[in-house]
Amino acid sequence: MYPVLFHLFGIPVEAFWATVFLGFAAALVVVRAELVRFGRDPGAAYDLILWAYIGGFVGARLLLVVTAWDQFQRDPFEHLFSGSGWVWQGGVVGGAVAVLWKAR
């Protein structure tokens with residue numbers, strides 16, 4: 001995988017963030033279509049996807065902290081804000097919990 005796909009106005013566009021954006025856009029299209037199919041307000045798709053997005057990132061970082069506690073204790077700021085170490089299982093759980101909380 002290429003860590004940097006291309007540069008846009010001198011700013012590197014990383015593959016990770018490009019795929020995050022594509023996933024966000026695809027989820028928005030699918031969720032809107034499903035809400036319309038079930039007769040619900042398609043505008044709610046924006047809220048649900050945003051909650052899933054934020055919950056997913058928070059869950060991924062929390063699971064990273066739990067699984068790498070010794071590294072977190074050495075340098076919490078660097079550990080939380082580095083560009084690596086996204087734990088996808090935590091992202092799935094965090095996103096699902098956030099969407100369920102918002103849906104209630």
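1. In this predicted model, helix 5 has a set of buried residues: Gly90, Gly91, Gly94, Gly95 and Ala98. These residues cover an arc of only 125° around the axis, which places them on the same side of helix 5.

2. The other side of helix 5 presents exposed residues, namely Val92, Val93, Val97, Leu100 and Ala103. As for the buried residues of helix 5, helix 2 is included in what covers them.

3. Trp51 and Trp101 form an aromatic pair with 5.6 Å centre to centre and 80° between the planes, an edge-to-face arrangement. Because Trp51 belongs to helix 2 (residues 44-67) and Trp101 to helix 5 (residues 88-103), the pair ties together parts that are 50 residues apart in sequence.

4. Are Trp51 and Trp101 buried, partly exposed or exposed? Trp51 has 32% relative accessibility and therefore counts as partly exposed. Trp101, at 62% relative accessibility, counts as exposed. The cut-off that separates partly exposed from exposed is 50% relative accessible area.

5. Ring pairs also link several residues into a cluster. The residues of this cluster are Phe16, Trp17, Phe24, Tyr53 and Phe57.

Definitions and conventions:
Residues numbered from 1 in each chain as written. Predicted model: local features only at pLDDT ≥ 70, side-chain atom pairs only at ≥ 80, totals over all residues. Heavy atoms only, no water. Phe/Tyr/Trp six-rings, centres within 6.5 Å; stacked < 30°, edge-to-face > 60°. Helix = DSSP H or I, 4+ residues; strand = E, 2+ residues; numbered from the N terminus. Buried < 20%, exposed > 50% of the residue type's maximum accessible area, 1.4 Å probe, protein only. Arc of directions from axis to C-beta. Contact = heavy atoms within 4.5 Å.
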